[in-house]
Structures are given as C-alpha cells and as structure tokens.
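Colleague: Before I rely on any label attached to this model, I would like to go through the terms with you one at a time, with each value set against its cut-off.

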Amino acid sequence: MYIAMVSAECAPIAKAGGLGDFVQGLARELSLRGHQVEVFLPKYDCLRFDRISDMAKVHRDLLVPYYDQWVSCDVEYGEVDGLKCYFIDEHARESFFRRGKIYGEPDDSHRFAFFCRAVLEFMLKSGQHPDVIHCHDWQTGLVPVLLYEVYQGLGLTQPRACYTLHNMGHQGVVGESVLHQVGLNPARLMIMERLLDPADHRAANLMKGGIVFSNFVTTVSPRYAWEIEYTEQGMGLQGLLQHYDGKFGGVLNGIDYSVWNPEFDSHLPAPYGPATLPQKALNKQALRQRLGLEDAVKPIIAVVSRLDRQKGVELIRRAIYFALESGCQFVLLGSAPEPAVNDRFWGIKRELESSPDAHLELGYDEELSHLIYGGADMILIPSVYEPCGLTQMIAMKYGMVPIVRRVGGLADTVFDANYSDKPFEERNGYLFDELTESAMEAAMAR
Ligand code: ADP
C-alpha cells in the first residue's frame, strides 16, 4: 500500500512528545513490511536539519488557497534514516513555520490548518495519490474534512483517511475563521453532525472533524479507547465516539527497538542488555556524575515527562520529597509549557540545589533522556490520564521498574508485581489507582 502520514511531529527531526516517536516508529515499521510510506511535515525552522539527508526542492510555487487569496509554497524532500519525508515550506507573510518551535503560538490553529490544505494541494498537483492518508491529533484533523469536502471532487478519489487520536485533552476548538481560511463552507459544517463543538456552539472542533470524516479512527491503547468512549475522558466527544463505534478501535502503541535499545544506544557510555545487566551500573555512575549526584548505595527514581497537568504534576512534586525521605535519589527531566507550573518546579529546583540526592533538569533534552533511561532504576508516571504513554515502555526496555497510575495505556502495559492476575513472569511494575499522594506513596514504598 501507499501510505502518507500527515503529522505535526516526527522524531528525531521534529519531536515534542510521544507523537513524534509514534510517527517515526510506525512509518519505519510499515516501510520494513514493504509498504510505500511518506511522511508530510511542516518545514519548521527548528527541524533537526543535521538528521535530514539529500534535502532538495521537488515542487516550486505551489499555490495554496488562503482565505480569498493564495500563499505560495515550495515542497522539499529529504530522507531521515531512510524514511521519505516531504516538507511544506510556506512563504506566507505570517511565516507560519518560522517560529523557533513546533507548538505554542497564538495562531496554531491557522498554522496547522494551512499545513493541512497545503499537503492535499500538493498531492493533487503532483499527482501523488496515496491509498491511505494517516493523520494525527487535532493539528491534522482538517485533512479528512478537506479530502471529502473539497479534494475528492477535484480528482483525489483514491485515498481513504485514517485518523489517530493521541490525546483528547487537545481537540483544536477554534473560531469559524479557520474554516474560511482553508476554503470550507461553515454553513455546511457548523452543525452538530459535523464540526460544531459540543460545548461551544460558536466554535469548530477540528478533532471532531477528523473523527466524522475519516474512514477509520484509532487511538493508542485499548483501555484509552474504552475510557474515551464511555467515560468523561472523552472530554465531550464520548457520544460521538459511541455513534461511530463501528469505525473506531484502540491499537496499543509500541516503541521502535532500533531507536530505543540499550544494547546499541550511542548516548550511553556503557551499552548493556539482558545478558549484561550489571553494565547498567556504569551508566548510573555516568548519570550521577553528569547531574552532580552523590555516588551512594541508593536507587534512582526518575521522571521524564512534559510537565503538563495531565502528567500529574502535583503528585510528581510530592514524589520528589517522598523519594528523598525514603532514602532514594530523584532525577527529573521535564519541560513545563504552563508558566505557573514552570515557576513551581524552578522553586523546587532552587530549594534542592545543594541536595546530593536530587536533580531537576527543566527543559527538553533528548540526549539526557537516554542517559536517564540507561542509568536510573525506576520510573514514576502518576498521570491523571494517559492515552498510551511511551516512557514506561522505553524504561522497561532499559531495565527500569515502572511505578504508574492504572489509567489508559499504562494499565495495558504495566502489571503489578504483587496484585495482578498475570502469571509471575509477566508482572513488571507497581500500580496505584487513586489520584492521591497516599496511593502513590504506597506503590513507591512497595
Ligand atoms: P506524551 O506524548 O504525552 O508527551 P509519551 O510517554 O507518549 O508522552 O512520550 C513522551 C516522549 O517524549 C518520550 O520519548 C520521552 O522520552 C520524551 N520526553 C518527554 N519529556 C522530555 C524531555 N523533557 N526531554 C526529552 N525527552 C522528553
């Protein structure tokens, strides 16, 4: 099959979280299985250009409709570890993709809506007709809508749309002007059966558009599929998912062991695997040295996470002190998009500056994340909700023990050492249910 992935992220060149790992891993796996796979991304100025080979312009002056005018784009092609990638390089006055970051701009909805229209315009003009267009999250929710409302009529009749929900916490609830921008008809679409947001009747919901117009909708774990269809975790779209139950399912995420593998991870000073596990101690030593922790006979508990409220930031804060009180060391690598949360963690970092047992690294650091997986003993993931979660899977591949809340994909991948109906050899971590300090502390204590 010819499969086009349209996404806001793809590791290692444009990654903000698990979506980047997902697109990279799935695209590579599908290619290995013999499919023709291409990834479509915005040409952000913050792409890791050093990881892209043979970048070249393949289409000049693509005119993409924008309100009642056009914006000219070039399309570039390059390969990332053998993966075929196309990049939309726009020349808009607003410089949509020259912002030094992937997300977090006030006009994100306009930036990604433009991207959706540009990708389809390119497919039409270049005669590339994939069998499946696979889109992800709200940023590309307009692709299925535009495909069926506009581009099928223009001749793009081959593709079917698959849409994956990675996080219901971000649905792209936007003003009607976004529809005007991409040439869609609000009068047709701003109704409950199509894009109208269930809570805000003046707004369009781009994720809803993706669900309604796609041929199949997936999410990243079976448990999260159930949670978002039948509980508040659907965040307003549970009724819609029930309506479309026949074209909706959960598929458990995985990680790419050619990227995440301690046996040949170039970021680790001492590679190791199941047969050479004691080598992990050398990485632990290197991690301590790098972060200024004391070389003591203590386990290291780690958190590697976006410090978003979804990730249980209040519990993470408490866990730092509980770990120290319990004779452990604690390492946190996290970036907080919300200034209040960021300030809070900077406060803790300053308070623990002189501690020989704790280090907080506030920011995004891919290389350090590998060293933490390689050197730490346990990973803590006390999420409020977790569509799948990749960090527990990465951690387990690196011989760490996960301590997690029993939600979403965490419940599908971590099985409690003491309380599980799984056979002993399949139990791999510690779980807790309640979103409370005492429940988390009990699991950590075990
Ligand atoms: P989410 O997609 O919700 O952020 P996942 O667990 O699915 O969570 O994926 C997180 C990915 O992002 C993992 O690869 C993890 O190592 C990485 N990551 C998260 N925070 C950081 C950070 N501050 N620095 C480096 N990598 C990070």
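Colleague: What makes a residue part of the ligand's surroundings, and how many residues surround the ligand?

Modeller: A residue is near a molecule if one of its heavy atoms lies within 4 Å of it, and 22 residues surround the ligand, the closest being G18, D21, R306, K311 and Y373. This is a predicted model, in which local features need pLDDT of at least 70 and side-chain atom pairs count only at pLDDT 80 or more, whereas totals for chains, interfaces and linings use all residues. Residues are numbered from 1 along each chain as its sequence is written, and side-chain values use heavy atoms, with hydrogens and water left out.

Colleague: Which helices and strands supply at least two residues each to the shell around the ligand?

Modeller: They are α1 (18-32), β12 (300-306), β13 (329-335), α12 (366-375) and α13 (391-397). The names follow DSSP runs numbered from the N terminus, a helix being H or I over at least four residues and a strand being E over at least two.

Colleague: What distance does G18 show to an oxygen atom of the ligand, and why is that called a polar contact?

Modeller: A backbone N or O atom of G18 lies 2.6 Å from an oxygen atom of the ligand. A polar contact is a pair of N or O atoms within 3.5 Å (within protein, one must be able to donate a hydrogen and the other to accept it, and residues adjacent in sequence count only if both atoms are side-chain atoms), so the G18 pair at 2.6 Å qualifies. An N or O atom in the side chain of K311 is 2.8 Å from an oxygen atom of the ligand, and a backbone N or O atom of G363 is 2.9 Å from a nitrogen atom of the ligand. The protein covers 93% of the 560 Å² of accessible area that the ligand has on its own, areas being computed by the Shrake-Rupley method with a 1.4 Å probe and, for residues, with only the protein chains shown counting as cover.

Colleague: How do you know which class L362, F49 and Y67 belong to?

Modeller: L362, in strand β14 (residues 358-362), has a relative accessible area of 18% and is therefore buried. F49, in the loop between β2 (36-42) and β3, is at 36% and so counts as partly exposed. Y67, in the loop between β3 and β4 (69-80), is at 38% and so is also partly exposed. Phi of Y67 is near 50 degrees, a positive value in a residue other than glycine.

Colleague: What does L362 touch beyond its neighbours within four places in sequence?

Modeller: Its contacts are L307, L332, G334, F345, W346 and K349. L362 and S335 are 27 residues apart in sequence and 5.4 Å apart in space, C-alpha to C-alpha.

Colleague: What makes a set of residues a nonpolar core, and how many residues has the largest one?

Modeller: A nonpolar core is a set of buried Ala, Val, Leu, Ile, Met, Phe, Trp, Tyr and Cys residues joined through side-chain atoms within 4.5 Å. The largest has 122 residues, and L142, L165 and I211 have the most contacts inside it. Its largest share, 10 residues, comes from helix α2 (residues 108-126). This core draws at least three residues from each of domain 1 (2-250) and domain 2 (274-445), bounds that come from an automatic or database domain assignment. A second, separate core of 30 residues includes Y321, F322, I348 and A443.

Colleague: How far apart are the centres of domain 1 and domain 2, and how many residues of each make the contact?

Modeller: Taken over C-alpha atoms, 32 Å separate the two centres, and the contact takes 17 residues from domain 1 and 17 residues from domain 2.

Conventions: Buried means under 20% relative accessible area, exposed over 50%, partly exposed in between (1.4 Å probe, protein chains only). Contact means heavy atoms within 4.5 Å.
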